[in-house]
Amino acid sequence: MSERNNHGTIRQINGPIITIHLPGVRNSEQVRIGELRLVGEVIALRGDEAIVQVYESTEGVRPGEPVETLGQPLSVELGPGLLGSIFDGVQRPLEALFARTGDHISRGITLPALNREREWHFLPAPELEVGMRLKPGQRLGSVQETERIEHHILLPPDRSGELLELAPAGEYTLERSIGRLRSADGTIHRLYLYHTWPVRTPRPYRRRDHSDEPLITGQRILDTFFPLVKGGKGAVPGPFGAGKTVVQQQVARWSNADIVIYVGCGERGNELVDVLETFPKLQDPYSGRKLMERTLLVANTSNMPVVAREASIYVGLTMAEYYRDQGYDVVMLADSTSRWAEALREVSGRLGQMPVEDGYPAYLASRLAAMYERAGRVITHNGESGSVTLIGAVSPPGGDFSEPVTAHTKEIIQTFWALSKELADARHYPSVDWVGSFSDHVTTVARWWHQEISPYWKRRREQALTLLARDAELSRIVNLVGPEALSSAQRWELEGAKLIKEGVLQQNALDPVDTFSSPQKQFLLLDMMLTIYDRGAALIHLGVPVQELRDLPVIARARRAKQTYDSSQSAELQAITREISDEFARIRMEYAKFQERAE
Amino acid sequence: MSAKEYRTTTAARGGLLTVSDAPQIAFGDRVLIRDHRGHRRNGQVIRSAADEVLIQVFEGTDDLDLENTWVRFLDQPMEIALSPELLGRIFNGLGEPRDGRPPILSTLHRPISGSAINPAARTYPREFIQTGISTIDGLNSLVRGQKLPIFTASGLPHNRLAAQIVRQAKLVDQESSFSIVFAAMGVSYSDAQFFQEAFSSSGVLGNVVMYLNQADDPPVERLALPRSALTAAEYLAFDLDRHVLVVLTDMTNYAEALREVSTAKGDVPSRKGYPGYLYSDLAEIYERSGRIRDRHGSITMVPVVSMPSDDITHPIPDLTGYITEGQIVLSRELHNQGIYPPVHISPSLSRLMKDGIGKDDTREDHPRVASQLYALYAKAQETRNLASIIGAEELSEQDRRYLEFADQFDRQFVAQEEDEDRSIIETLNLAWELLSMFPNAELTRVSETDLAKYHRSGD
């Protein structure tokens, strides 16, 4: 490496954008700004000047103050101790920061993301021997990070060479070396339990793999109607008050992923606190362990510096890819990608770049696409299968889905959970609108549902959607000419749709029983409502009045079944469906007798 | 401290002043400006380069000339003085007295820009505040540390509602212990007068700090005002352990002042000419509310936000709704029917309600009663729409019951007197009176136990 000048001076301060004089500095390089040594990143070069975006407030910074480059791009630390932590948008540990500087975030503080004092019990990989040639990303050993997650220690993906030494099993801090490696050019590298990786460079893998396993979230409208696969990309757009946060938190709580990374990007502080305070108390329904043991939070709340919002998503994604490379299924929730896009807009505006739509820069669409492309299922360097599922919340201004961020996102993702203000106002939660939402994965996951749950899954799902579409059509007629204009069969269709809405689609996140539905329970409830509809339709055809069927006590019980029986009580749910069949058969018999007598 | 004055102003327009050849000036610094009459103005550095500095002048740039304007950089951020003496006083947006009394003397000064609360330092707000207003307490409960705006429009009684909340807010079983920070931006003389009288007639004036910028005061000062007010609120809450209720009115005037300055600065506009950073700027203000671990005090915020042309999707209410923890929406339709407070419950919401109500906080049936009322009201609204098309005579008996419910709900539950302070138990009992119009079978959101205990009809 040639001798390079690492020091320069500040020329101009314009909010979070600072112009510096530092010839030779590279794009994307990290810099420390001013006497306070604020964290920044070079985003553009112009003659002998460089433009820096600063991740902290620049108040009090003056022209003429010194600048120093760190010689590397913005990177994160990857190693044991990430899980259960909360970081800011540039991976500073917020708990440690709180202990150091109190209630408010002070500026210019640098703290390592991972605890340096904590000891981990390292087990070297048994297949490794000194003298072996190691490939990039190869597994060196493991530590038990939480009771549930075995953390694989990986060789950095940009390193390879001959293993000179590997430490025996024992207690190691992150600062103690666990081995040495000689790379092809002869340099000797020490190995540690952690390594760093630049956040804007996707971590490499052996190859992409296709995903066909559904991500189960325990939310009926999501899993049954608009499924997402592990390794898929989804978006949750919705105006404020439509329940975006609750949907995201429910996915974070109940999805059958190994690791959940929740990136609060430009959102409310109190929402993150809610997660921080409740997750340690909640149980993961799959492992029975505490939810916090598989959760990692990145918090850049709306009042924290704007440009760190832009970085926070990449910080989250890099950590997600790191666990993927260990063979885990990771779900990353980005709440909200609109705030991320606004950070792009703010920076581009301050740079005087030409705005295209609503003030957003022309590169919005390509940046969004590149970000979502980091999701996917891969075969890792160690030959394991791992995945990153990326779910982005979108906050369209005024709830208008034609605005640039929503519109571009829609072109990229495969699963779209559109939230509706009308449903939310009527307190129909989750307010996922079955007309505006879509999933490209239905055929893919049908195989899984048919094998694991029921061969009728796809047919039942389609039947329910047809009924809901009919409901919309008929409701329009009712609104024009009143309910009297409908035939009994049509009125029964409305009743059927109502059953689907109340008995299946609406799900109460606050109800301890209803909050999570296993795939089995989801199907049984759907089947129950459709059984009522099918059997009833046959009777109506025979002339039984709608009123008589609608008020049957067993239907009221069916409606409450979702909150009465939990996911383990399949037998009870099936019993209700049988009871429904019996009850309808009885009515049929009675009606036949009555008709006979009438004749 | 630099005593040097610069006379090198090169431009003055739209509240912004440019000074050349003033090197090494810190971004965000406070500036004193002396105009040709010798009058003093205040400013703040909003862009700083080696050869040119851009200053935002809080008193505006009217009547400035470029020859006889002196600028002094104070080498300190915008600050206000803090002491317990704040209570009972009235200031302008920069923290200067407006009540004719001497300025606050204190060694404690803090920058008004504040700094972000570490999310890890927060605790989740969960203590129920009783406002005595049924639509808020019963259906959109406010908790200590929450930010819950009132979305309103011109001609609606938001001021009366805000004043009622200030008068009545207390914790259940406790006398009012709130200190009030009242921040008024661009309000009319009569509105300012209304609040002052409301505070003095209810005897809380000694517990109120007012920051006042009237409609005819310089708009740029509105940018500093909520920050000064919140710096005072933070001091009262986290230094003096008080529970503080902050009323900000009207945030729409604030956002308009921001648009004025950003346009003059040449920022790229996004929606309706507002700058792209309107969201972040509003968040810097709203997110200063909350609770902090190991601190006794709290900041609860009730901003008043006017919806221009009654449009809830206008950028100001829209972005506010994305930051705050819910909203109370006032309706012109209810107001025209003579219903006070005209709270439209359908679009109203409190996100923090779930943890502040129920068995240990209010009453065990509260969450389910709220959900039930919402469900019935939504159904009743549908029925109302239907009735307006096909006529009420055509409705089934069941549907007519919904219509009757909606009317009773508006007249008994929503409507109340301006001095009527209903306890949460009274509110819930009133709710059950309304629910008792329906048979058990139709009340699917309340539990069997609730029905047995509170349902009053014969069946």
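**Reading sheets and a domain contact**

Me: In S11(A), which residue is the bridge partner of A:Leu123?

Reply: Strands of a sheet pair through backbone hydrogen bonds, in either a parallel or an antiparallel sense. In this predicted model, A:Leu123 has A:Ser142 of S11(A) as its bridge partner. The strands concerned are S9 (residues 120-124) and S11 (residues 139-144) of chain A, paired in the antiparallel sense over three bridges.

Me: In which order do the four strands of the open sheet in chain A stand?

Reply: The order is S12-S11-S9-S14, with antiparallel pairing. Strands S12 (150-154) and S14 (170-172) of chain A are at the edges with a single partner strand each, so one side of each has no neighbour in the sheet. From one strand to the next, the twist averages 40 degrees.

Me: How many bridges join S13(A) to strand S15 of chain A?

Reply: Four, and the two strands run antiparallel. Within this pair, A:Glu165 has A:Arg180 in S15(A) as its bridge partner. Strand S13 (residues 161-166) of chain A is also joined to strand S10 (residues 133-134) of chain A, by two bridges and again antiparallel. There, A:Leu134 stands opposite A:Gly161.

Me: Turning to chain B, what domains is it divided into?

Reply: Chain B has domain 1 (5-77), domain 2 (81-356) and domain 3 (366-454). The C-alpha centres of domain 2 and domain 3 of chain B are 31 Å apart, and 19 residues of domain 2 are in contact with 21 residues of domain 3.

Me: Which element gives the most to the domain 2 side of that contact?

Reply: H1(B), with five residues. The residues on this side of domain 2 of chain B divide into eight nonpolar, eight polar and three charged.

Technical notes
Residues are numbered from 1 along each chain as its sequence is written. Chains are lettered from A and ligands numbered from 1 in the order in which they are written. This is a predicted model: local features need pLDDT of at least 70, side-chain atom pairs count only at pLDDT 80 or more; totals for chains, interfaces and linings use all residues. Two strands pair if DSSP finds at least two bridges between them. Axes are lines fitted to C-alpha atoms, for helices over the stretch in contact, and angles run from 0 to 180 degrees between N-to-C directions. Domain bounds come from an automatic or database domain assignment. Two residues are in contact if their C-beta atoms, placed from the backbone, lie within 7 Å. Ala, Val, Leu, Ile, Met, Phe, Trp, Tyr, Cys and Pro count as nonpolar, Asp, Glu, Lys and Arg as charged, and the others, Gly among them, as polar.
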